[in-house]
Amino acid sequence: MTNRSRGPDREARFTALYHATYADLIRFARRRAHPTHADDIVAEAFLVAWRRLDDVPAGPLDARAWLFGIARHTMLNARRGDERQQALAVRLAETTAAPPGIDADLVAAQLDLKTAWNQLSAVHQEALALAALEDLAAPQAAVVLGISPVAFRLRLSRARRALRLQLGHLPRTAPAPAGIPEGQIS
């Protein structure tokens, strides 16, 4: 019996995985955890990857999503241990005083987005972040969350609707009151 999980091939595979995914994984962790914890989270994810290298999907996108899932679980475990209040919040860029020449409308839109984002549930924030910030397709995002792709698409749809609602961008869904033509409603 040979031990195919040991040896130079294993080390080469892990090294290739590390080089292909480290930058994305550290950004993933920094968006979700305090910056001082991101390196530890990534180190833990790669430790798990080393131990379970035979479980890492072969495709680069699937392997990346798998590592995101490991990092996410690491963060959730740390949060439970630390008894933090927020389950999972994505950090938006800190708002600073706008330098001269910055479009005031753009700054106002960013502040509105930040306010709307903070009013979303952690579940909605996570779905939107995986799609928009991590650029994951539904199958890969579903791997991160441990749900089916169909469940992720539904969750993402609800999250987008919730964000539009917070931003006031949803079309009016209530029917016009009886007897009043729509053009006369103010």
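**Aromatic pairs and helix packing in a predicted model**

Me: How many aromatic pairs does the structure hold?
Reply: The structure, which is a predicted model, holds six aromatic pairs.

Me: What kind of pair do Phe-14 and Phe-46 make?
Reply: The ring centres of Phe-14 and Phe-46 are 6.0 Å apart and the ring planes stand at 85 degrees, so this pair is edge-to-face. An angle over 60 degrees is what places a pair in that class.

Me: And where do those two residues lie?
Reply: Phe-14 belongs to helix H1 (residues 8-32) and Phe-46 to helix H2 (residues 35-51), so their pair ties together parts that are 32 residues apart in sequence.

Me: Are they buried or exposed?
Reply: Phe-14 is buried, with a relative accessible area of 17%. Phe-46 also counts as buried, at 6% relative accessibility.

Me: What about Tyr-18 and Phe-46, how are their rings arranged?
Reply: The centres of the Tyr-18 and Phe-46 rings lie 4.8 Å apart with the planes at 55 degrees, so the pair is tilted. Tyr-18 is in helix H1 and Phe-46 is in helix H2, so this pair ties together parts that are 28 residues apart in sequence. Tyr-18 itself is partly exposed, with a relative accessible area of 32%.

Me: Which residues form the aromatic cluster?
Reply: One aromatic cluster is formed by Phe-14, Tyr-18, Tyr-22, Phe-46 and Trp-50.

Me: Which residue lies over the face of Trp-50?
Reply: Arg-10 does, at 4.4 Å from the ring centre of Trp-50.

Me: And which one lies over Phe-28?
Reply: Over the face of Phe-28 lies Arg-32, at 4.0 Å from the ring centre.

Me: Let us turn to the overall fold. How many helices and strands are there?
Reply: The protein chain has seven helices and zero strands. Along the sequence, its pattern reads α-α-α-α-α-α-α.

Me: How much of the chain is buried?
Reply: Of the 186 residues in the protein chain, 32% are buried.

Me: And what share of the contacts join residues at least 24 apart?
Reply: The share is 63%, taken among contacts between residues at least 6 apart in sequence.

Me: Where is Trp-117 found?
Reply: Trp-117 is found in helix H4 (residues 104-119). Trp-117 is buried, with a relative accessible area of 8%.

Me: Moving on to H5, which of its residues are buried?
Reply: In helix H5 (residues 122-133), the buried residues are Gln-125, Glu-126, Ala-127, Leu-128, Ala-129, Leu-130 and Ala-131.

Me: What comes just after H5?
Reply: Just after H5, Asp-135 takes a positive phi of about 55 degrees. Asp-135 has this phi although it is not a glycine. Most residues other than glycine have a negative phi.

Me: Where is Asp-135 found, and is it buried or exposed?
Reply: Asp-135 sits in the loop between H5 and H6. With a relative accessible area of 63%, Asp-135 is exposed.

Me: Why is H6 described as largely enclosed?
Reply: Six of the eight residues of H6 are buried, so this helix is largely enclosed by the rest of the structure. The buried residues are Ala-138, Gln-140, Ala-141, Ala-142, Val-144 and Leu-145.

Me: Which residue follows H6?
Reply: Gly-146 follows H6, and its phi is positive, near 75 degrees.

Me: How do H6 and H7 pack?
Reply: Helix H6 (residues 138-145) and helix H7 (residues 149-167) pack at an angle of about 95 degrees, and their axes are 8 Å apart. That makes H6 roughly perpendicular to H7.

Me: Which residues make the contact?
Reply: H6 contributes Ala-138, Pro-139, Ala-141, Ala-142 and Leu-145, while H7 contributes Pro-149, Phe-152, Arg-153 and Arg-155. Those residues divide into seven nonpolar, no polar and two charged.

Me: One last point: what is Ala-138 in contact with?
Reply: Leaving aside neighbours within four places in sequence, Ala-138 is in contact with Pro-149, Phe-152 and Arg-153. Ala-138 counts as buried, at 13% relative accessibility. The C-alpha atoms of Ala-138 and Ala-151, which are 13 residues apart along the chain, are separated by 9.1 Å.

Note on methods: Residues numbered from 1 in each chain as written. Predicted model: local features only at pLDDT ≥ 70, side-chain atom pairs only at ≥ 80, totals over all residues. Heavy atoms only, no water. Phe/Tyr/Trp six-rings, centres within 6.5 Å; stacked < 30°, edge-to-face > 60°. Helix = DSSP H or I, 4+ residues; strand = E, 2+ residues; numbered from the N terminus. Buried < 20%, exposed > 50% of the residue type's maximum accessible area, 1.4 Å probe, protein only. Lys NZ or Arg CZ within 6 Å of the ring centre and 35° of its normal. Axes fitted to C-alpha atoms, helices over the stretch in contact; angles between N-to-C directions. Parallel < 35°, antiparallel > 145°, perpendicular 65-115°, else oblique. Contact = heavy atoms within 4.5 Å. Nonpolar A, V, L, I, M, F, W, Y, C, P; charged D, E, K, R; others polar.
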